[in-house]
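The following exercises ask the reader to work through side-chain pairings step by step. Please consult the sequence and the structure while following each solution.

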Amino acid sequence: MATRLAGTDGLRVLSVRSVAAAAGIGATTLRAYFPSQALLYRAVAGRLVSHVLSDDSIQDVSLAPADRLYESLRQFLPGAADRHSTLMVWFELLTLALGSDANEEVLEMVRSGHDESAVIVTRWFTLLAADGFALQDTPEVLAVRFVALVDGLHLSLLFDRGEGALDRAEDTLRWFAEQALTAPGESAPDAKPA
């Protein structure tokens, strides 16, 4: 219910009280599951990220490793049809977390979304490594780098509405996917700290 409410009415209205009302239960009952607003936000952020991202491409062994990774990472970019709405949700979340009326709960939601994204991307890199493909760094370090990269790409897409902007972002993701994997016959470099 909370995820649906955030999707339809926006993040500003998300509270234990509003979720309880939408679910037709008392706020006290919902507080038994979410004693704080931060826990509710963490659950919604994790659910939103997990619901949107699929492991299908990373598990498709018929694709080359870089293609498996690229197709998985591509899920973080908006599609051409929903580009504006996806970016506006992302921007609204950052604005709420960092803007003049920022609060710890919304910051927790942003943090949770980033954390869940990093967990999923780490899992993808770990799956590739388990399939025998060498990585340029540890799965955790590569995931942190990717989350930073995709935030930058979202910001770029928000301001660059020109034709080809999404293509350039996709090219950047493809480059990252290729750079993250070690070329056949090379050994992976020593892991560096994040």
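## Exercise 1: Salt bridges

Asp131 and Arg68 form a salt bridge in which the closest N and O atoms are 2.7 Å apart. The model is a predicted one.

**Solution.** 

**Task.** Which elements hold Arg174 and Asp67, and how many salt bridges does the count give?

**Solution.** 

Step 1. A salt bridge joins the side chains of Arg174 and Asp67, at 3.1 Å from N to O.

Step 2. Arg174 is in helix α9 and Asp67 in helix α5, 107 residues apart, so that distant parts of the chain are linked by this pair.

Step 3. Arg174 is partly exposed because its relative accessibility is 29%; Asp67, at 30%, is partly exposed as well.

Step 4. Arg174 also lies over the face of Tyr70, 3.9 Å from the ring centre.

Step 5. The count comes to six salt bridges. One of them is between the side chains of Asp55 and Arg123, at 3.0 Å from N to O.

Step 6. Asp55 lies in the loop between α4 (37-52) and α5, and Arg123 in helix α7; the two are 68 residues apart, and the pair links distant parts of the chain.

Step 7. With a relative accessible area of 35%, Arg123 is partly exposed.

## Exercise 2: Aromatic pairs

**Task.** Determine how many aromatic pairs are counted, and describe the geometry of the pair Phe76 and Trp124.

**Solution.** 

Step 1. The count comes to four aromatic pairs.

Step 2. For Phe76 and Trp124, the ring centres are 6.3 Å apart and the planes stand at 75 degrees, an edge-to-face pair.

Step 3. Phe76 is placed in the loop between α5 (65-73) and α6 (83-98), and Trp124 in helix α7 (residues 104-130); they are 48 residues apart, and the pair links distant parts of the chain.

Step 4. Phe76 counts as buried because its relative accessibility is 11%. Trp124, at 0%, counts as buried too.

**Task.** Are the rings of Phe125 and Phe176 stacked, tilted or edge-to-face?

**Solution.** 

Step 1. The ring centres of Phe125 and Phe176 are 6.5 Å apart and the planes are at 75 degrees, so the pair is edge-to-face; the cut-off for this class is over 60 degrees.

Step 2. Phe125 lies in helix α7 and Phe176 in helix α9 (residues 165-180), 51 residues apart, and their pair links distant parts of the chain.

Step 3. Phe125 and Phe176 are both buried.

Step 4. One aromatic cluster is formed by Phe76, Trp124, Phe125, Phe146 and Phe176.

## Exercise 3: A residue of helix α7

**Task.** Is Thr122 buried or exposed, and which residues does Thr122 touch?

**Solution.** 

Step 1. Thr122 is located in helix α7.

Step 2. The relative accessibility of Thr122 is 15%, and the residue therefore counts as buried.

Step 3. Leaving aside residues up to four places away in sequence, Thr122 touches Pro139, Glu140 and Ala143.

Technical notes:
Residues numbered from 1 in each chain as written. Predicted model: local features only at pLDDT ≥ 70, side-chain atom pairs only at ≥ 80, totals over all residues. Heavy atoms only, no water. Phe/Tyr/Trp six-rings, centres within 6.5 Å; stacked < 30°, edge-to-face > 60°. Helix = DSSP H or I, 4+ residues; strand = E, 2+ residues; numbered from the N terminus. Buried < 20%, exposed > 50% of the residue type's maximum accessible area, 1.4 Å probe, protein only. Lys NZ or Arg CZ within 6 Å of the ring centre and 35° of its normal. Contact = heavy atoms within 4.5 Å. Salt bridge = Lys/Arg side-chain N within 4 Å of Asp/Glu carboxyl O.
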